[in-house]
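Here is a short tour for anyone who likes to check geometry against coordinates. Have the viewer open and follow along.

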Amino acid sequence: MEIEKFQYDNKIVKQFAFATILWGLVGMLVGLWVSLELIFPTLNIIPMTAFGRLRPLHTNAVIFAFVGNGLFMGVYYSLQRLCKARMFSDKLSAIHFWGWQLIIVSAALTLPFGITTGKEYAELEWPIDIAIALIWVVFAWNFFGTIIKRRERHLYVAIWFYIATIVTVAVLHIVNSLEMPVSFLKSYSLYAGVQDALVQWWYGHNAVAFFLTTPYLGIMYYFIPKISERPVYSYRLSIIHFWALIFLYIWAGPHHLLYTALPDWAQSLGVVFSVMLIAPSWGGMINGLLTLRGAWDKVRESVVLKFMVVAVTAYGMATFEGPMLAIKKVNSIAHFTDWVVAHVHIGALGWNGFLTFGVLYWLVPKIFQTNLWSNKMANWHFWLGSLGILFYAIPMYWAGFTQYLMWQEFTAAGFLRYPNFLETVTQLRPMYIMRSLGGVLYLTGFVLMAYNLIKTVKAGKLLENEDAEAPALEKVYVKHGSEHWHRVIERKPIQFMILSLVVILIGGMIEMVPTFLIKSNIPTISSVKPYSPLELQGRDIYIREGCYVCHSQMVRPLRFETERYGEYSKAGEFVYDHPFQWGSKRNGPDLARVGGKYPNSWHYNHMMDPTTMSPGSIMPTYPFLLDKEIDTASTPAKIRAMMKLGVPYPEGYDKIANHDLMIQAQTIADNLKMDKIETVSDREIVALISYLQKLGRDLKVYHLINDKQAKK
Amino acid sequence: MKFINYLQSIAGVGIFPMISLIMFFIFFSVLLVWALRVNKEYITDMKNIPLDNNNETTQL
């Protein structure tokens, strides 16, 4: 057999490693900042730094910039070694790297300016969505190219996890990002209401599954055996882990929509599969931890393994909690509260964060041909980080339960004990302070790591191209007797890819297709009318300011909810909502029934300074809405886009829409005048008020009509 | 909103869950049986892929 000489590309690994550190720092800083805004609302100084705009930046930065670069670092390092081949093309590697950084920069340049689609974790506007798809294709091309020219016949389990990641993220991203462009930086989701919610959370949940979990499992399956110098505990278990995990994960999305207007059957389906998920998840965790059996002495000495053990443990905790949270009763406690925030941070800080740190501490010295500059400092990082996670998560669990208990408490007379929502928020302040402290600890550890690694890099020299040799793969493969199909597909990456694609498509299709095809899934309500042009403009301001980050529009059919907000939400109410705005967290009250609850003047004053209307409010102030003119030039295009999406405006309405807009705006301005508020009618505040007053109004009209008919 | 309402509106719907159940039952059964029976030598080979590098020095 001929031995071939080749070189591994370490330069690209280094680039992704540096980007991971840089963006991790940025993403966590923004996270700390928004957490402080909940304690000191004055920090929402300018529109660009308001909570509603910055929190999406935090989540996007941590998920796609920090973990994204981290996973590419892990994949580019391990894939080359597992395939015994250099990456397929250095050029593609470079395009992938710089393209991804460009996407991150464009996210940072759009989200703070209110350019957003308003769909959580998919906030980036359509040109960036297209860029993401293209760069992902470049990554896939480079990835499969490498596999095809590999020198190792069989694909190790880590590579399967990477394949599932590439395939599924592509499907998720494309399906969820289908949108109708209005202008260069504005679009409406192709789906509306319940359908949009289902697609969004099918995406949202699987972004967690296939962006934050499967690639990191691949990294776990490569790096833990590699670093501890012992093979994975059970390769058989890893095979079952893989197939069961990707098959079950894709069904679980609807557990984000329990007790909402989503049809019951879809909710139940989500619950069943979420509960089953515990089996493969724990199989994976056990496999990771038991790989270290008999090597615990190494864990004591190696800071790298310490990080990894905590990471895998955090994975186990989060994946135990996930199925529990998917049970309806538990979900009714956790949903909309800080419990969910605690849960995701166990995953992000523990699983993704610590695994990334472990890989960085091991990999950077290795490719720079030196030792870690300071082991002591890395140990400090480990303890600061671990404490940070505890200080973060425990107060958040506490806050979640506190808020739920306050929401649902009734007095003996049958009234809500805490009818003022604000009370349930101000109560949480001490917990929020503790949480920020946790964030500071975690971030401090991160800064120590950055410093430590910079010192390491300075002391060493990058081995850009690492020499390696391996026998060439024989073209003709001689089978050893009869062979099993699974062994066959392990040699065939393309077939493997197609099989995993089929597996993940089935779950998604069974959940979504009925909701799209069967009309009776969304019973229409005759009185629900499309948004007027002014309301539509107001809605876009609502989306721009990220109001959905703190306010839900979904009253669940629970007594403590209907008592507080009014009638529970119906699927038919949302048929014109492109995109849906149900929200997922309540830092402020639900708004589904806010229409008609307060006079226009209340909203006017409240937007100018929320504390004048509700003392102690932590909502940002929006004085600029009082001065900024409504972008009426965009109205016709918006109406046309909505019509293309099936919203029944009359033919040619786009031409007269602004006329209607002005009339409605004038009515509101006149009404404000009666309360001694002078405003020009074409200001954004007027549009926003009209939208807020529309929320829940159509359902009231429906009941009015029905009552009248009943009387007759 | 009971699931059964929507199901009844599809003609011959009974066959779909049956097909999918059988498909996945077979897939996972075969997978399980194979994973338990596959020969040890092969598993050892696969397990050692990440450790297999003669030209690298591993350091902790």
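This is a predicted model: local features need pLDDT of at least 70, side-chain atom pairs count only at pLDDT 80 or more; totals for chains, interfaces and linings use all residues.

Residues are numbered from 1 along each chain as its sequence is written, with chains lettered from A and ligands numbered from 1 in the order in which they are written.

**Overall build**

- Chain A has 26 helices and four strands, where helices (H or I, at least four residues) and strands (E, at least two) are DSSP runs numbered from the N terminus.
- The radius of gyration of chain A is 27 Å, close to the 27 Å from the globule rule for 712 residues, so chain A is as compact as a globular protein of that length. That radius is taken over C-alpha atoms, and the globule rule is 2.2 Å times the number of residues to the power 0.38.
- Along the principal axes, the C-alpha atoms of chain A fill a box of roughly 90 × 50 × 50 Å.
- Of the 712 residues in chain A, 54% are buried; a residue is buried if 20 or more other C-beta atoms lie within 10 Å of its own, exposed if 12 or fewer, and partly exposed in between, with C-beta atoms placed from the backbone.

**Two domains**

- Chain A is divided into domain 1 (3-469 + 494-510) and domain 2 (533-711), with bounds that come from an automatic or database domain assignment.
- The C-alpha centres of domain 1 and domain 2 of chain A lie 34 Å apart.
- In chain A, 42 residues of domain 1 are in contact with 49 residues of domain 2, contact meaning that the C-beta atoms, placed from the backbone, lie within 7 Å.
- On the side of domain 1 of chain A that touches domain 2, α2(A) gives the most, with five residues.
- That side of domain 1 of chain A divides into 23 nonpolar, 14 polar and five charged residues. Here Ala, Val, Leu, Ile, Met, Phe, Trp, Tyr, Cys and Pro count as nonpolar, Asp, Glu, Lys and Arg as charged, and the others, Gly among them, as polar.

**A residue in α2**

- L57(A) is found in helix α2 (residues 51-83) of chain A and counts as buried, with 26 C-beta neighbours inside 10 Å.
- Leaving aside neighbours within four places in sequence, L57(A) is in contact with V30(A), A108(A), L111(A) and P112(A).

**Helices α19 and α25**

- Helix α19 (residues 533-544) and helix α25 (residues 684-694) of chain A pack at about 100°, with axes 7 Å apart. Axes are lines fitted to C-alpha atoms, for helices over the stretch in contact, and angles run from 0 to 180 degrees between N-to-C directions.
- α19(A) and α25(A) are therefore roughly perpendicular, a label for angles of 65 to 115 degrees; under 35 is roughly parallel, over 145 roughly antiparallel and the rest oblique.
- Eleven of the eleven residues of α25(A) are buried, so α25(A) is largely enclosed by the rest of the structure.
- The cover over the buried residues of α25(A) includes α19, α21 (600-608), α24 (653-674) and α26 (697-711) of chain A.

**Backbone details**

- H578(A) and P579(A) are joined by a cis peptide bond, with omega about -5°.
- F336(A), a residue other than glycine, has a positive phi near 75° and counts as buried, with 23 C-beta neighbours inside 10 Å.
- Q369(A) also has a positive phi, near 50°, and is partly exposed, with 13 other C-beta atoms within 10 Å.

Terms used
Two residues are in contact if their C-beta atoms, placed from the backbone, lie within 7 Å.
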